Amino acid sequence: MLKSLELSGFKSFAKKTELHFKSQVTAIVGPNGSGKSNIAEAFRFVLGEQSMKSLRSKRGEDLIWNGSTEMSRSNRAKVKLVFDNSKNIFDLDFNEIIIKRAVNRDGSNEYYLNNSLIRLKDVIELLSKAHIGASGHHIISQGEADKILSSSVKERKEMIEDALGLKIYQYKREESQRKLLKTEENIKQVNSLRREIAPHIRFLKKQVEKVERAEDLRLKLSKFYREYLKMEKIYLEKQKKEILEKKKPTLEKLEKLEKEMEEVKRILDASSKKDEKSEELIEIENKIKNERESKDNFYREVGKIEGELNVNERNIEKIKAEEKSEESKTILLKEVEELEREISGFSEVIKIVEKIRDFITKHKFNFDNKKLEELMEINKDLERNRKEMEEKIKNIDIVLNELSSKYNIIKSSIEKEKDSNREAEKNIFKISSEQSEFRAKLESLKEKERRLNIEEEDWKREIQEGGVLLGTAIIGFENEELRLSSQDFSTGLTEPREKQEERRRELEKMKIRLEELGGGGGEEVMKEYKETVERDEFLSKELEDLEKSAKSLEILIKELLEKLDIEFTQGIEKINKTFQEFFSLMFGGGEARLEVVKKEKRKVKNKEEEENLAAEILPSGEISASEMSEEGIDISVSLPRKRIKGLEMLSGGERALTSIALLFAISQVNPPPFIILDETDAALDEANSKKYGEMIESLSKVSQLILITHNRETMSRANVIYGVTMSNDSISNLLSIEFNEAVTVAK
Ligand code: ATP
């Protein structure tokens, strides 16, 4: 149920103007050009009309009050339509439904439902459910009544579909078809994307396989490397230990031999002093001989002294005996001669006498004593000499003793040395042969050590190389669990060195293979591969989804077509029934009916049609029936009492009546909440105006009517009449008027 229409800034309605539709039939009257049709267009506009032609405009801007001398132009045209929804004609839980549309000078539009911004699509859907199609079959504009007759079978079909409320299905079908087309396009796109990606994936896959092989190899190599390094470490340590163990006793032995050699040499050196000793011996022998000779000499001396002593003793005895008898005293001639010499020199006799006296005295008393004393003195000396000699002999004996014992010692030592020399000579050969044996041993150990050092250097280099090649993967190789022969190693057993050599060769081979596979960029490739595969999977998933939705769209379209087909056929049946009734009412008999026709499609007339056709190409690629043949509605009429068949032969009035009969019949099947008829009655004569009026009466039972008319008969059927006027200000004005004023106002 329509409640009101409000226009502001819309076309000639510069000021806010509100129409209330309190009754079933409202008439709008007024002079030409006052703005009545603008009201019908305001309905179209607010209901979402998109065709500018239908709104008698070129652009959205043309709909906005353009200003006059009295009032400046508006920036925006607004139309608000209010429905009473208490009977739930709209499937919404509101008592009142307010639809509003506004257009701005830039041509942009806004749609509101109960003051909430909505999309055009929502407006159309909402209205379709209430049988208020946008195509406006219920809004018959001026001169448009004939449209249903003059349009093509196809257009007619569309109008009828709309009137039957099938537009919503049609709309859905088109939308689904559009979606399907879009989906098909997407499928194609996704497929082509996948086709584009495929070779890249294949390429990346190969790369990834290579990277994986390299990674595998790297892992194997790391493990193998660690094992190798550990094995080598064990080997080196073991070898070192072994060499050390062997070297130590060898060195000790050599040291011992050296000492022994020194000792032997010392002995032999000492033996070279043997001659010295012999010489010493000879020397001692000579010394003994000399000493003995001295001793003999001393003995002889002693004997001589003893002989002298004996003589002197005897003389002393003699002298002693002479002492006892003076007479027997003897004077030595020599002494007398001496005396004579003494006195011969004297001149005085006395003195001489005295001298002789002295001589006698002397000889008488002193002569013997002197001799004795001399002798005794000599003896004393001799005695002393003898003692001295004896002492010397004694000393010589001591020396001789010493020499003799020294001689013996030397002699026995010489003897002894002779023995040890023989022993030493024997040893020196033994020791030197042993020395060369152990030196050779030491040399071989040193050689081994040298080789081992080289091996150790190699091993260290391997560690470095491994680090460069495998990074941290070889760290901690010392703790590597050995898969093989670890037991052997730990128990001190060794495997043949060749095994490790083999391992080393294998290691080198693996290194080369790894280098061939190329180490770098692995992560990048993996990442890219993963991303690309993910993308492909995503696309494949999307494809699946798209195919699913294409499938369901196809099903939906099929169902919609079926539904359309059924409802359309049923709708046509119903229309025909009412059409026949109205037609015979109008013409007092005759026949009229709609016929569904399938015309062979001949030629695409224009671009618009071409596009319509394109939309009907099924997703499967098949060509829909509508391209092959055009389904449409034909009208067959036959007037009573006249041999007239076919619309072409009808008069203007007859055409008007036929079209009105058809429009009303259509409206009766699925009655819209309101119908607007803009001077549909213009061509009718008085008699027909009456019949028209009757039809309006019966139509108003199912739909609210808004009649724009100059026809008095029509005005008389209205409960409310609005008069539209336009003064010099070019602004349309609205006033509610009584029937008797209406005719005047309408002029
Ligand atoms: P008739 O009885 O001859 O059919 P009508 O009452 O239906 O006439 P309309 O066609 O509704 O008259 O009104 C046309 C008038 O509206 C014209 O005078 C035209 O200048 C005016 N008009 C149309 N668009 C605008 C606009 N954007 N701004 C101002 N006036 C406009």
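K277 is a residue of helix α6, the helix that runs over residues 274-323. The model is a predicted one, and the distances below are computed from it. Leaving aside residues up to four places away in sequence, K277 touches I410, S413, I414 and E417.

Two helix pairs can be followed next. Helix α4 covers residues 153-163 and helix α11 covers residues 522-587. Their axes come within 10 Å and cross at roughly 90°. Angles of 65 to 115 degrees count as roughly perpendicular, and α4 and α11 are therefore roughly perpendicular to each other. On the α4 side the contact is made by K157, I160 and E161; on the α11 side the residues are F568, I572 and I575. Sorted by class, this contact holds four nonpolar residues, two charged residues and no polar ones.

The second pair consists of helix α14, residues 652-669, and helix α15, residues 686-699. Here the axes come within 11 Å, with a crossing angle of roughly 5°. Because angles under 35 degrees count as roughly parallel, α14 is described as roughly parallel to α15. Helix α14 contributes L657, I660, A661, F664, S667 and Q668 to the contact, while α15 contributes N688, Y692, M695, I696, S698 and L699. The contact between α14 and α15 comprises eight nonpolar and four polar residues, with no charged residue.

Which residues come nearest to the ligand? Of the 18 residues around it, these are N32, G33, K36, S37 and N38. By class, the shell around the ligand has ten polar, five charged and three nonpolar residues.

Individual atom pairs can also be given for this site. A polar backbone atom of P31 is 3.5 Å from an oxygen atom of the ligand. For D62, a backbone N or O atom lies 3.0 Å from a ligand nitrogen atom. E679 takes part through its side chain, with a polar atom 3.5 Å from an oxygen atom of the ligand. On its own, the ligand has 650 Å² of accessible area, and the protein covers 74% of that area.

Notes: Residues are numbered from 1 along each chain as its sequence is written. This is a predicted model: local features need pLDDT of at least 70, side-chain atom pairs count only at pLDDT 80 or more; totals for chains, interfaces and linings use all residues. Side-chain values use heavy atoms; hydrogens and water are left out. A residue is near a molecule or strand if one of its heavy atoms lies within 4 Å of it. A polar contact is a pair of N or O atoms within 3.5 Å; within protein, one must be able to donate a hydrogen and the other to accept it, and residues adjacent in sequence count only if both atoms are side-chain atoms. Accessible areas come from the Shrake-Rupley method with a 1.4 Å probe; for residues, only the protein chains shown count as cover. Ala, Val, Leu, Ile, Met, Phe, Trp, Tyr, Cys and Pro count as nonpolar, Asp, Glu, Lys and Arg as charged, and the others, Gly among them, as polar. Axes are lines fitted to C-alpha atoms, for helices over the stretch in contact, and angles run from 0 to 180 degrees between N-to-C directions. Helices (H or I, at least four residues) and strands (E, at least two) are DSSP runs, numbered from the N terminus. Angles under 35 degrees count as roughly parallel, over 145 as roughly antiparallel, 65 to 115 as roughly perpendicular and the rest as oblique. Contact means heavy atoms within 4.5 Å.
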